[in-house]
Amino acid sequence: MEYQRKKKLTNFTIGLLFLSGGIEYAVILPTIWAYLQTLHAEPYFLGLGISAFSLTGLLTGPLFGHWSDRSQRTKAIILFANVFEIVGNFMYFMGVSKWLLLGSRLVAGIGTGAGASIFGYLTRSTTSQERATVFAAVMACRQVGLLIGPACNLFLRLCNFRLGPFEVNKFTSPGLFMCLLWILLQFVVVAMYYDLQPVPHPLRAALAAQQEEEREPLVQHDSGQEEPAEHRSYGGTIQGVPAEPPMGDESRYVPNGHLAEEEGGAKEKSPFQNFSAMREYLREEVVVLLTAQFITLFNQTALETMVTPITQRYLSFGELENSIMYFLCGIEVICGFFLVRCLSSRLPDRVILVLGLVICNVACIWCLLFLARPQGSFPVLLSELVVGVFLQVLGLPFVAVSQVSLFSKVTAERTQGFSQGLRRSVGGIATILGPLWAGGLTENLYIMLGVMMGLLSLLMVMVGLSYSYLVEVPRSYVPGPSPEERCS
């Protein structure tokens, strides 16, 4: 079938985009500090360069997401965003000054905002049952890129020639390599990416037919009398369409499938109803999932920052040993994503989320007990480190996939691009603050790990209290009225 062929090509292209994002991270990060030193940069420029990439990405994510929501197209957005990746990496290759290097990461970071549009497309083109499986595969592609990146550095470090006025060496070659890779991806996107309109799911089609029916307020009987359109079907619902509100939250359900706008169309809207879209992101379940996104990424990046000083101080690890450790962690993460992909077809997303949080809590407790003040011989210290890192990395895929899938189900489908951009922005803030927090407390691990443990405990309480709401909402499920609206 032609549609299926185009969909497979589109999904393959999306996988290549995330794979390239992982390669870029793994190629640039190992050499950026030495590169900055050749440009006589101060030590704080390392933090600025890493944070700059995340900063522009978190700012542009919601903008690109909103663009895709309005246009229902993502191909043009991806091509536009990739231009910033190409320009930013070429600026990195030029390497004229430390300020140009900082600017290059700012420009390249803009291109990562297209990820929000891609997640919005994946949400619209998948059913709720298969969504976690698709998200797990996409995230695994980025992890594969993180493994391929160090292998690329093996031959990039051998570069030593001139290209016109520019010198190509082990510091500048990653920028040139990624520039050429993103140019190649532009041709791949043009040839293999299609802006497909999702085939309506049977349940979605029934709901759409119901809503179209309800837009006609009155119909004529043969006798000429008028009757409300909703009386044309038994109980005003369509067979097979859920008519019951989610458990424990009847106040937020509009009967008979009416949307909030349709319900309010009969009376004059209050000024507060203009903020209904904003209130969607203040609902309990949405806040819990955004908090999960922030805390898990904050803790992950903080632990990544902490591990290297610990291995250097207590185990005398060098670059080779740390590279092997990160390589093994990458393999574990990929295996974890495929494990979650299998479990997602058998377990609800919220169960997978709880399993991941339990593993993360056990990992943090282990680190607090054994890594805050390591003692013992080399085999004992190595065993303690391996267990702590293994548990932390194991829990990551469970939490990452489940909260992304759940977030797509508790937010409106028509604004998935903006919603995913907001979620990625929250994650971007976490990836900026996590290393800053851990970097200043490498000598006070009890404080650093204690705060991380407190954040995870808070998240567990929030998930427990909101567990009944962490389910997919029907199309007719809308945010309840605010106190101001009730009084208006």
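Tutor: Helices (H or I, at least four residues) and strands (E, at least two) are DSSP runs, numbered from the N terminus. This is a predicted model, where local features need pLDDT of at least 70, side-chain atom pairs count only at pLDDT 80 or more, and totals for chains, interfaces and linings use all residues. Residues are numbered from 1 along each chain as its sequence is written, and side-chain values use heavy atoms, leaving out hydrogens and water.

Student: How many helices does the protein have?

Tutor: Count the DSSP runs of each kind. There are 4 strands, and the helices number 17.

Student: What share of the residues is buried?

Tutor: Buried means under 20% relative accessible area, exposed over 50%, and partly exposed in between (1.4 Å probe, protein chains only). Of the 488 residues in the protein, the buried share is 50%.

Student: Is Leu328 buried or exposed?

Tutor: Nonpolar side chains tend to be buried together in soluble globular proteins. Leu328 lies in helix α12, residues 319-343. Its relative accessible area is 51%, over the 50% cut-off, so Leu328 is exposed.
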